Amino acid sequence: GRHRKAGAASETCRRLAAEYQGHETRGSRACERGAPPAKGEIVRIGSGYDLHRFGPGDHVMLGGVRIAHDRGLVAHSDGDVVLHALMDALLGAAGAGDIGQHFPDTDARWAGADSRALLREVGRLIASRGFVIANCDVTLVAEAPRIAGHREAMCANIAADLGLERGRVNVKATTAEGLGALGRREGIAAHAVVLLLAGDSA
């Protein structure tokens with residue numbers, strides 16, 4: 001019954017934790033907060049969303065991949081909506097706020113920051129709080145650029161930065177069918193959903 005299911009979940013958590021390579025429990029002071037799993041908790045779900053408008057430039061960063069484009073994205077960091085939405089989903093599931101709290105755009109340290117480095121920081125926070133990542137799923141919403149040829153590289157980057165098996169990461173894309181600001185090609189948005197499992201402290 002319940003004890004058997006809890007035991008199976010705990011074993012799954014231990015196996016997933018073993019997959020996480022090289023995570024550190026130390027991080028920046030901005031990543032010292034977070035809610036550890038409550039006793040009896042097995043899973044947590046988080047969702048994230050990010051949006052950036054287009055501006056001058058010759059490329060966009062998506063999922064840690066530089067993609068040539070006739071415009072860039074206006075942002076304090078590198079404007080990677082895929083990784084920003086994913087980080088917000090991870091932080092939300094852990095009860096640790098959002099990326100605006102951890103990496104505020106009022107702080108010059110994060111100007112032009114590599115979002116992959118920020119994602120690794122968030123991954124360390126998640127691990128240090130006793131969670132392991134079961135899977136993550138990101139949906140990019142944009143009329144352009146097309147990402148079909150870059151999707152695998154994005155997934156590989158995310159898996160590497162979070163210490164996950166490639167099969168636990170999914171990135172997909174859709175258009176806005178010409179509707180609204182996204183349909184008018186004024187920007188790019190991304191939605192992310194993640195599932196966290198509690199470790200042995202659950």
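**Reading a predicted fold by its cut-offs**

Guide: Helices here are DSSP runs of H or I with at least four residues, strands are runs of E with at least two, and both are numbered from the N terminus. This is a predicted model, in which local features need pLDDT of at least 70 and side-chain atom pairs count only at pLDDT 80 or more, while totals for chains, interfaces and linings use all residues. Residues are numbered from 1 along each chain as its sequence is written, and side-chain values use heavy atoms, leaving out hydrogens and water.

Visitor: How many helices and strands does the chain have?

Guide: Six helices and seven strands. In sequence order the pattern is α-β-β-β-β-α-α-α-β-α-β-α-β.

Visitor: Why is α2 called largely enclosed?

Guide: Buried means under 20% relative accessible area, exposed over 50%, and partly exposed in between, with a 1.4 Å probe and protein chains only. Twelve of the 13 residues of α2 are buried, so the rest of the structure largely encloses this helix. Among them are Val81, His84, Met87, Asp88 and Leu91. Across the chain of 202 residues, 50% count as buried.

Visitor: How do you know that the span of α2 agrees with 1.5 Å a residue?

Guide: The expected span is 1.5 Å times one less than the number of residues. For the 13 residues of α2 that gives 18 Å, and the end C-alpha atoms are 18 Å apart, so the two agree.

Visitor: What caps the N-terminal end of α2?

Guide: Aspartate 80 does. One of its side-chain oxygens lies 3.2 Å from the backbone nitrogen of valine 82. A polar contact is a pair of N or O atoms within 3.5 Å; within protein, one must be able to donate a hydrogen and the other to accept it, and residues adjacent in sequence count only if both atoms are side-chain atoms.

Visitor: Why is histidine 52 called buried?

Guide: Its relative accessibility is 13%, so histidine 52 counts as buried. The residue sits in strand β1. Its side chain reaches the backbone oxygen of valine 74 at 3.1 Å. Contact means heavy atoms within 4.5 Å. Leaving aside residues up to four places away in sequence, histidine 52 touches Leu73, Val74, Ala75, Gly79, Val81, His84, Gly187 and Ile188.

Visitor: Why is aspartate 114 called partly exposed?

Guide: Aspartate 114 has 41% relative accessibility, so it counts as partly exposed. It lies in the loop between α3 (99–102) and α4 (115–128). At the start of α4, a side-chain oxygen of aspartate 114 comes to within 2.9 Å of the backbone nitrogen of arginine 116. Glycine 79 is 35 residues away in sequence, yet 9.1 Å away C-alpha to C-alpha.

Visitor: What makes α4 mostly covered?

Guide: Ten of its 14 residues are buried. They include Leu118, Glu121, Arg124 and Leu125. The cover includes α2, α3, β5, α5 and β7 (187–198). Just after α4, glycine 130 has a positive phi of about 90°.

Visitor: Why is asparagine 157 called buried?

Guide: Its relative accessible area is 14%, so asparagine 157 is buried. Its place is in helix α5. A polar contact of 3.2 Å joins its side chain to that of arginine 116. Beyond four places in sequence, asparagine 157 touches Gly63, Gly64, Val65 and Arg116.

Visitor: What do the buried residues of α5 pack against?

Guide: They pack against β2 (59–62), β3 (65–68), α2 (81–93), α4, β5 (131–141) and β6 (169–174). Helix α5 (residues 151–162) reaches 17 Å from its first C-alpha to its last, close to the 16 Å expected. Glycine 163 follows α5, with a positive phi near 70°.

Visitor: How much space lies in the largest pocket?

Guide: About 250 Å³. Of the 14 lining residues, His76, Ser77, His84, Phe103 and Asp105 are the closest to its centre. β1 (43–55), α2 and α3 each supply at least two residues of the lining.

Visitor: What makes a set of points a pocket?

Guide: On a 1 Å grid over the protein atoms alone, a pocket is an open set of points where a 1.4 Å probe fits, with protein on both sides within 12 Å along at least five of seven lines; lining residues have an atom within 4 Å of a point. Grid points are joined across faces, edges and corners, and the volume is the space filled by probe spheres set on them.
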